[in-house]
Amino acid sequence: MGAKKYGVIKYEDTLLISVVGQLDEDSVFPTLELSGIKIVELDFENMAMINSCGIRDWIAWLREIPEKIQLIYKSCPVNLIDQINMVEGLVRTGSEIRSFYVPYYCEACDFISNHIVTSAGSWKNFRPAELGKCQKCGQNVEIDVIESKYFKFLKRF
Amino acid sequence: MSRRLVVENFIKEVGSNVLKRIVDKVTLVNVNNVFSDKIGDTKYFDAISFYQAMDDHEVMAFASHSKINHILNIEDPIVVKHLVLSFLMITQSQIFHTDPFAAIMSIFLADERAIDRFLTKGEADFPDDLSSLRVSFCSSSDKEDVLETVSEALNEIPGASRHRSEIVLMVDELFTNALYNAPTTLMGNISKDRKNMVVLGSAREAVVQIAYDKKLKRVYIGCTDLFGTLAPNALIDKVYQTYNKGVESSISFACGGAGIGVRLLFEKAESMSICVQKEEKSCLIFSIDLSQKQGGVSKKSLHLLQV
Ligand SMILES: [Zn+2]
């Protein structure tokens with residue numbers, strides 16, 4: 001059930017890779033044709049989950065991509081951010097995290113919604129919205145992570 | 001008041017309120033006091049240790065160095081239940097032989113009176129009418145079904161939706177651990193490549209169990225395999241290395257290894273209990289406090305038992 005499908009699109013000097021499904025022991029990572037490529041954009045919008053086997057294989061796969069190629073991470077889901085906080089090597093030094101999701105919880109209707117935040121060039125002054133309104137019932141929602149833990153990774157970017 | 005003193009007072013209270021014949025059988029250790037100097041002392045073999053305000057890394061460091069099998073956070077809302085579990089694991093380990101998940105759950109799900117009766121009168125009459133979700137599996141191809149069954153069961157638990165992806169991931173880790181790590185000592189290293197299909201014989205079927213404490217809003221996630229090859233202290237050392245050296249340097253690229261998987265489980269859980277009957281069965285249980293935000297709390301209690 002692992003991520004066997006990757007959308008790989010080449011656009012000038014950029015390779016766009018969409019990760020689909022689960023990154024786990026069944027995942028098969030694509031062999032990349034990197035001649036003339038300066039940037040690899042990794043889109044996690046459709047990634048469902050990453051487990052410890054997926055982490056191990058991902059790190060091994062990243063090592064195949066030459067250091068001089070810039071890596072950009074987009075639409076990182078909550079479970080990927082959790083793992084990035086635990087495993088530094090999931091995002092190698094010098095990479096850019098362009099956007100990621102922040103979860104909000106509505107206690108009134110037990111509803112979770114994930115909101116994407118995008119970098120305005122730097123994460124230095126980034127402050128997440130702590131509260132908002134539930135898109136389902138209109139009640140107040142609150143950020144559903146311990147901020148000091150969840151946003152720890154931003155110190156690196 | 002310093003942390004050391006707060007913990008000291010807690011220990012004094014335990015010493016004076018718990019039945020003497022129970023409390024006299026164990027050593028009560030103040031982690032905030034012994035952390036730096038006396039760890040590793042063999043007198044702590046049958047010990048229950050208590051701490052306050054330490055993060056996951058520090059708790060693992062203490063567990064790894066001290067070899068103390070019971071580490072309790074005094075701010076844990078169910079610390080008294082953890083205390084009872086520790087006493088029973090040390091003094092009556094046989095009750096965890098037949099069905100470790102059910103035995104541990106009977107304590108976690110017991111009401112206050114039953115807990116109090118044990119601590120003050122020594123009566124261990126915990127209800128064993130556990131209703132839990134049980135999903136058995138014997139092949140790597142069962143994974144999708146197991147995860148789907150668990151995910152569906154979470155629909156019936158109020159407040160579980162915010163923790164769904166964490167719980168499913170935890171079950172995923174427990175599944176792969178039971179299938180790929182548990183059999184390796186007995187069957188060689190063939191199954192260690194996790195891309196290989198693994199099929200356990202029906203006599204070795206593993207089981208994932210989920211129990212729910214409605215009153216205290218907790219979900220317990222357990223997995224039992226019938227190999228009993230897990231070495232709890234070695235596992236703790238592996239997990240500690242992921243903190244100490246960093247996960248990346250601790251990953252074994254050639255083969256699996258449970259260090260990073262259990263680190264992931266430990267991070268997300270609010271308690272971890274590992275119960276191993278050598279060459280018979282291994283049971284790992286993690287709990288999630290549904291009233292807490294995603295990502296795990298740092299008030300963890302842990303128990304290790306090997307018989
Ligand atoms: Zn709502």
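## Ground rules

On a 1 Å grid over the protein atoms alone, a cavity is a set of points where a 1.4 Å probe fits but cannot get out, a pocket is an open set with protein on both sides within 12 Å along at least five of seven lines, and lining residues have an atom within 4 Å of a point. Grid points are joined across faces, edges and corners, and a volume is the space filled by probe spheres set on the points.

This is a predicted model, in which local features need pLDDT of at least 70 and side-chain atom pairs count only at pLDDT 80 or more, while totals for chains, interfaces and linings use all residues. Residues are numbered from 1 along each chain as its sequence is written, chains are lettered from A and ligands numbered from 1 in the order in which they are written, and side-chain values use heavy atoms, leaving out hydrogens and water.

## The second largest cavity

There are three cavities of 30 Å³ or more. The second largest cavity holds about 60 Å³ of space. Its lining counts 14 residues, and nearest the centre lie Lys268(B), Ile288(B), Asp289(B), Gly296(B) and Val297(B).

Strand E8 (residues 281-289) of chain B gives the most to this lining, three residues; helices (H or I, at least four residues) and strands (E, at least two) are DSSP runs, numbered from the N terminus. By class, the lining has three nonpolar, six polar and five charged residues. Here Ala, Val, Leu, Ile, Met, Phe, Trp, Tyr, Cys and Pro count as nonpolar, Asp, Glu, Lys and Arg as charged, and the others, Gly among them, as polar.

## The largest pocket

The largest pocket has a volume of about 770 Å³. It is lined by 33 residues, with Asn85(A), Met86(A), Lys152(A), Arg263(B) and Glu267(B) closest to its centre. H2(A) provides the largest share, five residues.

## Helix H11(B)

Which residues of H11(B) are buried? They are Pro232(B), Leu235(B), Ile236(B), Val239(B), Tyr240(B), Thr242(B) and Tyr243(B), where buried means under 20% relative accessible area with a 1.4 Å probe, protein chains only. Down the axis of H11(B), these residues fall within an arc of 150°, so they line one face of the helix; the arc is that of the directions from the helix axis to the C-beta atoms.

Just after H11(B), Gly246(B) has a positive phi of about 95°.

Terms used: Buried < 20%, exposed > 50% of the residue type's maximum accessible area, 1.4 Å probe, protein only.
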